[in-house]
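Welcome, and thanks for taking a look at this one with us. Below is a short briefing, arranged by topic, to read alongside the model.

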Amino acid sequence: MPDIPTESVPVIRGDEPGSFPHSVLAERHPAIIRQVKEVFPHGPERRRALDALLRSCADGVIEPLPADADARDRDRWADWGMSEYAGRSWYDVPWLWAEGHFYRRLLDAVGYFGPGPWRGVDPFRPAKLAELDAPETDEELAALDGLDALSADERTRSLLHGSLWGNRADLGFRLSGSGGDAGGEAAALVADDSDALWSLLPPAGAGTPGPATLCLVADNAGRELVPDLLLVSHLLGEGRIDRAVLHVKPYPYYVSDATPTDVLDALRRLVAAGGAAAAYGDRLWAALTDGRVTVRAHPFSCAPLPYSDMPADLRAEFAAATVTVLKGDLNYRRLVGDRRWPPTTPFAEVTAYFPAPVAALRTLKSDVITGLTADTEQALEGSGERRWRTSGTHALIQVRT
Ligand SMILES: O=P(O)(O)OC[C@H]1O[C@](O)(CO)[C@@H](O)[C@@H]1O
């Protein structure tokens, strides 16, 4: 447990006008609803439901799930705190909870869980596919051909950084020595425990203690998931891991979070790309077919709660892994707790509850931060870059072995 008792560290809420969390609830969520209304020809009933959600976001309260919701889902939301938060303003409950619940309500509004024709239709799919099809994705995949010229360690580093910076939806393979932005990237890393990560996953023949399993808890689809898949394929190819479990969301979440369908779309994109990208894709395809790689969509992946509240079955899965790598900002908030931690609070202390080694690969897109040295914190605060916590210009690789 952290030296500071967790309960004494304030939970982040969206109730402070002008704050980043407040702007997400007051501006971003309504913008997402409007976007969904534009992208699909929903009929009057669905549009009325979307308008009702818009009004609720402005000045409504959290409401219980609708009477026709699936019973298991109702039970889950009861476990996840619905009775405590129903009737309260979106702005007065933990921000993490309000955001997670917003996506559940949005899916209700578009009929995602209903019996009608919109059942199972991902309201964010057009945007996800457009990103996969973008010319930038072609360029990024073509850059993989250049990785052959690198040493194995440099290749591993490049692919780790591709996955890390992919969280900014900016997949740069930053080939070592290839250009001017390598120094900038290093400076942008506020913590780098990658050596600790590689000590957990040494290459085959380098004293590997036994079969290694990687749990990769994915974040966004498209241009983040593609480099995640490349990394998994590379680690398999290097013999650094024998198996991988890819955790994705059971339903559309936080606009671009990856679902099983998105995994298939990204994998097909790789396989069809030709060149080195296709070789990475083929290896992963083979590993999926023979069971070395599996895809999981655990309900708790869409829970509006920190991982410290994870259920026993998920805990057992993470406990069995050599290391669990959590991608992205939301997973970081859930891993360390969405609280106003003093930035120098040790990462190892706030993740001590996690049942096995754990790593975070994240670009900074919200206020939560732990594990900084006092010097790094001072440099960031003194940099004049007011939004270093939220702008996605900084990143971290933090590991608890
Ligand atoms: O895709 P990521 O890295 O999880 O980032 C999502 C982040 O965006 C936000 O939704 C803010 O818009 C944060 O709440 C969240 O942490």
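A crossing of two helices is called right-handed if the near helix is turned clockwise from the far one by less than a right angle, and left-handed if it is turned anticlockwise. With that in hand, helix 6 passes helix 12 in a right-handed crossing. Please keep in mind that this is a predicted model.

**Helix 6 and helix 12**

- Helix 6 covers residues 125–133 and helix 12 covers residues 260–272; their axes come within 11 Å and cross at roughly 15°.
- Angles under 35 degrees count as roughly parallel, so helix 6 is roughly parallel to helix 12.
- On the helix 6 side, the contact is made by K128, L129 and L132.
- Helix 12 answers with D262, D265, A266 and R269.
- By residue class, this contact of helix 6 with helix 12 divides into three nonpolar, no polar and four charged residues.

- The protein chain is divided into domain 1, residues 6–123, and domain 2, residues 130–400.
- Between the C-alpha centres of domain 1 and domain 2 there are 27 Å.
- Domain 1 brings 20 residues to the contact, and domain 2 brings 21 residues.
- On the side of domain 1 that touches domain 2, the elements giving two or more residues are helix 1 (20–39) and helix 5 (95–109).
- Helix 5 gives the most to that side of domain 1, with seven residues.
- The residues on the side of domain 1 that touches domain 2 comprise 15 nonpolar, three polar and two charged.

- Which order do the strands of the open sheet follow? Seven strands form it in the order 1-7-6-5-2-3-4, and the pairing is mixed.
- At the edges are strand 1 (189–192) and strand 4 (293–296), each of which pairs on one side only.
- Neighbouring strands of this sheet are turned against each other by 15° on average, with direction ignored.
- Strand 1 and strand 7 (residues 395–400) run parallel and are joined by three bridges.
- D192 stands opposite I397 in strand 7.

**A helix across the strands**

- Helix 15, residues 328–336, lies across strand 2 (213–217), strand 5 (323–327) and strand 6 (358–363).
- Relative to strand 6, helix 15 runs at about 135°.

Conventions:
Residues are numbered from 1 along each chain as its sequence is written. This is a predicted model: local features need pLDDT of at least 70, side-chain atom pairs count only at pLDDT 80 or more; totals for chains, interfaces and linings use all residues. Domain bounds come from an automatic or database domain assignment. Two residues are in contact if their C-beta atoms, placed from the backbone, lie within 7 Å. Helices (H or I, at least four residues) and strands (E, at least two) are DSSP runs, numbered from the N terminus. Ala, Val, Leu, Ile, Met, Phe, Trp, Tyr, Cys and Pro count as nonpolar, Asp, Glu, Lys and Arg as charged, and the others, Gly among them, as polar. Two strands pair if DSSP finds at least two bridges between them. Axes are lines fitted to C-alpha atoms, for helices over the stretch in contact, and angles run from 0 to 180 degrees between N-to-C directions. Angles under 35 degrees count as roughly parallel, over 145 as roughly antiparallel, 65 to 115 as roughly perpendicular and the rest as oblique.
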